[in-house]
Amino acid sequence: MSTIDEIKNALQALSPEVIEIEDDSDKHAGHAGNTGGGHYNLLIVSDAFTGLSLIKRHRLVFEHVDTLMKSKIHALSIQAKTPAEYQPQ
């Protein structure tokens, strides 16, 4: 199973309406401080974020991917939106 699939599986508990993950690792290969794991951009849309501040939304995401952060993810850029905030591009 790919890391992207593992991230998606870990976030299913938030019942996302939209979940998009981009692997951005190739742009960061070999930079200082990278001890392993990839760089990912995440867009997740879920009712679970309703009423939460940006920091609480990010904490909620990180709670669900905590195990992966220790091994397979070096950096995760998060856009966490409610369905009302989401504007498809």
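How many bridges join E1 to strand E2, and which way do the two run? Keep that in mind, everyone, while you look at the structure. One thing before we go on: this is a predicted model.

So, the count. Six bridges link E1 to E2, the strand made of residues 38-45, and the two run antiparallel.

Now let's step back to the whole sheet. It is an open sheet of three strands, ordered E1-E2-E3, and its pairing is mixed. Strand E1, residues 18-23, and strand E3, residues 73-81, are at the edges; each has a single partner strand, so one side of each has no neighbour in the sheet. From one strand to the next, the twist averages 15°.

Next, the helices. Helix H1, which covers residues 3-11, lies across E1, E2 and E3, and runs at about 150° to E1. Helix H2, residues 54-69, lies across E2 and E3, and its angle to E3 is about 150°.

You'll find Ser-46 in the loop between E2 and H2. Is Ser-46 buried or exposed? Its relative accessibility is 0%, and buried means under 20%, so Ser-46 counts as buried.

And what does Ser-46 touch? Leaving aside residues up to four places away in sequence, its contacts are Leu-14, Ser-15, Pro-16, Lys-81, Thr-82 and Pro-83.

Methods:
Residues numbered from 1 in each chain as written. Predicted model: local features only at pLDDT ≥ 70, side-chain atom pairs only at ≥ 80, totals over all residues. Heavy atoms only, no water. Pairing = 2+ DSSP bridges. Helix = DSSP H or I, 4+ residues; strand = E, 2+ residues; numbered from the N terminus. Axes fitted to C-alpha atoms, helices over the stretch in contact; angles between N-to-C directions. Contact = heavy atoms within 4.5 Å. Buried < 20%, exposed > 50% of the residue type's maximum accessible area, 1.4 Å probe, protein only.
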